[in-house]
Amino acid sequence: MRRARALGAAAAALVLLLAGCSGDGGDSGGRITLRFQSLAWQQESVEANKQLVAEWNARHPDVQVEYVQGSWTSVHDQLLTSFEGGEAPDVIHDASDDLADFAYGGYLADLGKLLPRRLRDDIPRASWDTTTFGGKVYGVPFLQEPRVLIANAARLKESGVRIPTLDEPWSWQEFRSVTRRLGSGKGRFGVAWPLKEPVSATLNLSLSAGGELFHRRPDGKAEIRFEDADAVVPRTVHDQVNVDGSASGATLGMGGSDTLPGFFGGKYAMVPLGFSYRQQIVQQAPKGFDWQVLPAPAGADGLAQGVSPQTLSVAEDSPHKKEAAAFIDFFLRPANMVRLARGDWMLPTGKEALKDPALHTDKHDWATGTALARHLRPAPAQSVRGYPEWSDKVATPALQEYYSGAIGLDELRKRLVEDGNLVLRRYQR
Amino acid sequence: MTSRTKGAARAGQYLALLAYLVFLVFPFLWLLSTSFKPATELGSLHPTWIPEDPTLANYRQAFDEQPLLRAAGNSLVAALSAAVIAVVIATPMAYVMARHRTLLARAATGWVVVSQAFPFVLVIIPLFLVLKNLRLINSLPGLIMVYVVWALPFALWMLVGYVRAVPVELEEAAAVDGAGRLRTLVSVTAPLLAPGIGATALFAFITAWNEFFFALVLLKTPEKQTLPVVLTHFIGAEGVADLGPLAAAAFLATLPSLVVFALIQKRITGGMLAGAVKS
């Protein structure tokens, strides 16, 4: 009996101890505390984020923001769990292509009426389209990056090829012939395509040739059609690897960073990468390595390409949506957007921020990237339900097989369209 | 078998062992080497084992950018607590299951095996809600509870094997000599089980020390985050990583496991052998 009583007391003490140890934020004494989960990860970017939070906190004693560092690695699963458990951060940093599921799931607040006119007008319509689902705005797009060609400038000069400019970029055909000239065939290639994740790169670049792949039917449902314009980019990559030998087949399974040692070592003359990779190049390039940023090749639609901007959203469960929107407004004022963009080596979406002289310098070719901003459009299909499954299960293996030469264009078309539409149909019943 | 063939076989064994050792140690040494390389060497097409221009900058940057010590402290508290609690709970349960081979004990063992097959994603949302109701979200005690529950089935399974390896005749002999049940357990069984308990504790410790997903989901504030969560802060979108500081931080993160392993390695070896053969 005594033992049972002792055990009971111990259990009660444990429960009390555990309950006592749990901490929870919230409001205290009329002061509101907002949790802001940021995915900034580069040193300069984290510093910019923390400074802005500190500035806000100094000016708004009644609405304090708590900076929480998140991680790109598992942000989707982490947010999903937090939403389900009603414990999501008030202000959420994510990418626009991750928002559709959360928006349709009712986890994100409609920001349409919460944001001030200044911010709404400052960001172009095309950027808002990346975060607008069913007429409601679920995030503020604030940073984006075009895909560019990062080139070994010395090798380009030596080869005597025409250097493309923003006004006269290479066509996809010219790009192919340039890479043929740049690749000696003795372990030196004109280009390295890091296509470990081939879907977004292919779809986003295909917009330049007018390829959209995803089309809306009159009934509003999405369907996949693989037309001639959709084949331009995939065929160029395929032929560079399998016909000309001007692109390395080994890099098809690599991520962008993996190709940099070969690029620095002179193995590849060019690498198509996101604009922000410049930071790694500045850090890691050997002394005296001469590199430059070139616009990606253009097609029938010029320099157009798709992007999925980084976004800030507000959780639907947040009891302080107005305050959260006010913080976003402060965070994304033009001068602040510039600080964030420079910290991440990306481009701001805001029109005012884009005018900042710091983003128009020749140093690290900021000016080239900034000039590309007006050509950026929403990544194809990011608002189509079922896109993630199509991308993972259908498009990724099909494109990987096509690029490596295992299947031909007809088989690629069949898989993307027939298998793809079966997937979409399940989501659009 | 002649002495020459015996010698050749022995040499082959040593070679195989050496190859296995190299295979096991390679990632660790590469991590160590990477952590001392400056950024320009990290981007070299011909990487070297020994950094040409070794630097501590990666370590400095890692500590400057992230609260590694605080995170390591949180991980240590969580992992040690989980290991101790899991062993304290699992040992008596394992003893009962090993000594009383009833239908219930067999069913419990089966359940233990099945429970290992549940993916994290399946359990995380219900678990999150339960912990929320207990007000244990964003608290180390909540995380420790999860780690204990997660480690318990396998710990139990391991310990059942160790208990079975202790001959029941020894306990019977102690009883004949007049020792009571408790005395027999404390003086006879427990010392023989010690290596197994050590091995089980180490398993629970390493599982909790390395665990990422539960910690990511359950801990909200930076002050409470554990080391694996903080390590991901060196990785950006599309897998781009700040390789130097990441290697430095990851190398430091492996050290506690190695230290704990080195401290109880002899006991573990004994424990594993004891569990391997049934009497």
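Predicted model: local features only at pLDDT ≥ 70, side-chain atom pairs only at ≥ 80, totals over all residues.
## A sheet in chain A

Strand S7, covering residues 147-152 of chain A, pairs with strand S11, covering residues 268-274 of chain A, in the antiparallel sense, and five bridges join the two. Both strands belong to an open sheet of four strands in chain A, whose order is S8-S11-S7-S12 and whose pairing is mixed. The edges of this sheet are formed by strand S8 (189-191) and strand S12 (291-295) of chain A, each of which pairs on one side only. Averaged over the sheet and with direction ignored, neighbouring strands are turned by 30° against each other.

## The fold of chain B

Chain B has a secondary structure of twelve helices and zero strands, so that its pattern, read along the sequence, is α-α-α-α-α-α-α-α-α-α-α-α. Taken along the principal axes, the box filled by the C-alpha atoms of chain B comes to roughly 70 × 70 × 30 Å.

## Extent of the interface

Between the two chains, 40 residues of chain B are in contact with 39 residues of chain A. The area buried between chain B and chain A is about 3400 Å², and carbon and sulfur atoms give 59% of this area. Of the area that chain B buries against chain A, 17% is supplied by B:Leu45, B:Lys220 and B:His233, which is more than any other three residues supply.

## Polar and charged links

B:Lys220 also forms a salt bridge with A:Glu87, in which the closest N and O atoms are 2.5 Å apart; the count of salt bridges between chain B and chain A is one. For polar contacts between chain B and chain A, the count is four residue pairs, with both residues of each pair at pLDDT 80 or more.

## The side of chain B that touches chain A

Five helices of chain B, namely helix H2 (39-42), helix H3 (57-65), helix H6 (120-133), helix H7 (140-165) and helix H10 (213-218), each supply at least two residues of the side that touches chain A. H6(B) gives the most to this side of chain B, contributing five residues. By residue class, the side of chain B that touches chain A divides into 21 nonpolar, twelve polar and seven charged residues.

Methods. Residues numbered from 1 in each chain as written. Chains lettered and ligands numbered in written order. Heavy atoms only, no water. Pairing = 2+ DSSP bridges. Axes fitted to C-alpha atoms, helices over the stretch in contact; angles between N-to-C directions. Contact = heavy atoms within 4.5 Å. Buried area = accessible area lost by both parts, 1.4 Å probe. Salt bridge = Lys/Arg side-chain N within 4 Å of Asp/Glu carboxyl O. Polar contact = N/O pair within 3.5 Å; in protein donor to acceptor, adjacent residues only side chain to side chain. Nonpolar A, V, L, I, M, F, W, Y, C, P; charged D, E, K, R; others polar.
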